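Hi everyone, thanks for coming.

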Amino acid sequence: MVRLLLATLCVTAFVYPAPEAHAQTQPLPCQDILPRATLAHPSVRPVAPEDLVRLRDIGVPDIYFPGSGVVALSPDRSKAAFQLRQAIAETNNYCLAMVVLDLSRPGPPRIIDSGGELIRYSFDFRGKAAFPTGVALPIAPRWSPDGRWVAFLKRVGGRTQVWRADTSGGGSAPLSRIDTDVEDFRITPGGHSLLLVTRPGLQEARARIEREALSGFHYDDRYSPIAGNRPFPPTPVSQEYFVQDLATGDLREAGPAEIALINPTPSGAPSATAMDRSPSGRATWIEPDKTSAWTLGLKAEIASGQVIACAAPACRGELSNPSWSPNSTVVRYFRREGWGRGGTGIYEWSPQSGHVRRLYETEEVLAECQPRGATFLCLHEAAAQPRRLVDFDPKARTIRGVFDPNPEFRILQTGRVERLRVRNSFGIESYSDLVLPIGYRPGRHYPLIVVQYESRGFLRGGTGDEYPVHAFASRGFAVLSVNRPRSVGRQSGATDPIELDRLNLANDFADRRSVHEGTMLALQQVIARGIADPARLGITGLSDGASSLQYALLNSNVFAAAASGSGSFEPNYNGFVGPAATREFRAMGYPAILDPAPEFWSRISLTRGAQRMRTPLLWQVDDEYVTAVTPFTALREAGTPVDLYIFPGEHHIKWQPAHRLAIYRRSIQWFDYWLNGIEQSDPVDPGQYGRWREMHAAIGSRRVADPHVVPAGR
């Protein structure tokens, strides 16, 4: 709900000079973010960790924000605007540039704005407002109605505002200058004003917390110790909506019709998740099915104004991107389907006849697709192809490259990729992508590393991007990129989150067993084919993948080395997540902190299982490190090889480029040491091999070759 403003706030707040008075005239600092038209003296070589860190990105993986609008078509659909983002490990920063690409003729995009700070996504979580993450916020540019300028969110000096950039290259300038961060915005019809979404209450709540610090913070539901040593502003903190006149700068409270611009939905369908309108104004949309929170359905208005629901089975499931065909007679849409929902089908539905047909299917990723006549402009990824912009024709079944932000990657060597499919004893399908090492020779057994827990599109570093799949393959490892099976709770039809997790936990960790089975079945295939050396298997994981890693280490004896990017779920975990989360976990069925529950914790706790766990374990963790300290100490006291690194200022998903490169490199060196007995000549830190040798000497040579040094980049 919009909080009512005092009458005095409805008058002019500021008078803004014309944007041209602020236009940037200095050389753009991010010119190098555009790829070169030709590569000088290209040399074919294997992928290195540095290549993966410095990839240019458009948007974020679609598992985080599907349909976020990061590529915006101009009103005449002849141009596309989007932000390019490139991590710079040397400065631990990002190069950011807003660009415009002319789709009517070949050529590189043009930079219309550059600079600014990375804006990271935060969300309200367990009663805490603005809970931080390391995920980049998708920047969705918006075109002016006349196509002469583009507006977008930009953060400068710790403040996020709406900026404007002329598409002709005439410069950029801030449009909004309110006292709080702008969270979202729209250009109103006609292009004369901005609708701004902000939360002044956050600033007020943070000021109250600073005052409270003088007398000490009360420990209550505002706290999450694993995310920091200060309380969060409590929810709800309502969004407020303002309209700013672009000519005068006058600011006023937005009305209901203006607020509806943020998430426009068809009349009578407030829960619609995606919508498109034909030139005549008829809507087609996707909305949740009333029988299942996980199922979506497709609807459309026909010429008579009647609403038609698609009754075909292919119109239910995980749907996205509904759009009318150029003649407004059929609706095209995308659907996740196939084995383990690892593919995408593109369909065509006639609301008038009810006929549905599949036009195209693929196991590659087509994201953010927008119609351009008979074709779509999409972001495309494949297992060895980083994200690029393409023109996709579903009827001709063709994908034509429009802009590749990383042409340098094409000359790098990657291992061959194939998809493995399994069904576990729960009857749940899953798949894994097997990446063979570069130079693979049949008959030779290779060390293999499991990477978790989503495997879609470009295989960069698993969920959270910490374990560099193609760089592992460059070092002679086979890689099994595992896509976890659908959860047992979701497969059972649970819709309530607490009930879903209760089902996941019931019957002796049913969901964790399901995930473990899927991984083991895929591993058995690779071992049976003589590809993987069963004595040299490694496993990695972050978040849910870290929990799967814990379960695997305590309930099997197949892995010779492990690396985790998250803390550990332990009997004292409830003490670190705060009171609100503690109540949630108890409702899910986790034991109380006073309950020893030995049978429960023996299956998942590294602290309780330390004396029987001998697999060398590397932790590279963030602000959640407090949950790793107790099991780290227990494992070290039990004589298990274990090492722990802490990366400050990171929140679950690590975002700092220097940290990511260090994690990439140390992970490779860790597995090279424990699976191959190799020490690289350029350790990430000078003391690591000394510690690892001491650990190795303490356990003997079990499963590990005698260490020897090889040059970096072997």
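Some ground rules before that. This is a predicted model, so to speak of local features we need pLDDT of at least 70, and side-chain atom pairs count only at pLDDT 80 or more, while totals for chains, interfaces and linings use all residues. Residues are numbered from 1 along each chain as its sequence is written, and side-chain values use heavy atoms, with hydrogens and water left out.

Okay, disulfides. How many does a search of the whole structure find? It finds 2, where a disulfide is a pair of cysteine sulfur atoms within 2.5 Å. One of them joins Cys310 and Cys315, with the sulfur atoms 2.0 Å apart. The torsion about that S-S bond is about 60 degrees, so this disulfide is right-handed. Both Cys310 and Cys315 are buried; buried means under 20% relative accessible area, exposed is over 50%, and partly exposed is in between, using a 1.4 Å probe and protein chains only.

Then there's Cys369 with Cys378, sulfurs 2.1 Å apart. Here the S-S torsion is about 120 degrees, so the disulfide is right-handed. Cys369 is buried at 6% relative accessible area, and Cys378 is buried at 0%.

On to the sheet. Helices and strands here are DSSP runs, numbered from the N terminus: H or I with at least four residues for helices, E with at least two for strands. Two strands pair if DSSP finds at least two bridges between them. We have 4 strands in an open sheet, ordered β25-β26-β27-β28, with antiparallel pairing. Which strands sit at the edges? Those are β25 (365–372) and β28 (398–403), each pairing on one side only. On average, neighbouring strands in this sheet are turned by 35 degrees against each other, direction ignored. For that kind of angle, axes are lines fitted to C-alpha atoms, for helices over the stretch in contact, and angles run from 0 to 180 degrees between N-to-C directions.

Inside the sheet, β26 (residues 375–382) pairs with β27 (residues 385–393) in the antiparallel sense over 6 bridges. Look for Phe376, which stands opposite Phe392 in β27.

Now the helices. α12 (residues 657–676) packs against α13 (residues 688–699) at an angle of about 30 degrees, with the axes 12 Å apart. That makes α12 roughly parallel to α13; the cut-offs are under 35 degrees for roughly parallel, over 145 for roughly antiparallel, 65 to 115 for roughly perpendicular, and oblique for the rest. Contact means heavy atoms within 4.5 Å, and the residues that meet include Trp670 and Trp674 in α12, and Tyr689 and Trp692 in α13.

Last stop, two single residues. Gln656 is in the loop between β37 (642–646) and α12. Is Gln656 buried or exposed? Buried, with a relative accessible area of 11%. Not counting residues up to four places away in sequence, Gln656 touches Asn92, Pro648, Gly649 and Glu650.

And Ala634 lies in helix α11 (residues 626–637). Ala634 is buried too, at 17% relative accessible area. Leaving aside neighbours within four places in sequence, its contacts are Thr607 and Ala610. By contrast, Ala634 and Glu408 are 226 residues apart in sequence and 46 Å apart in space, C-alpha to C-alpha.
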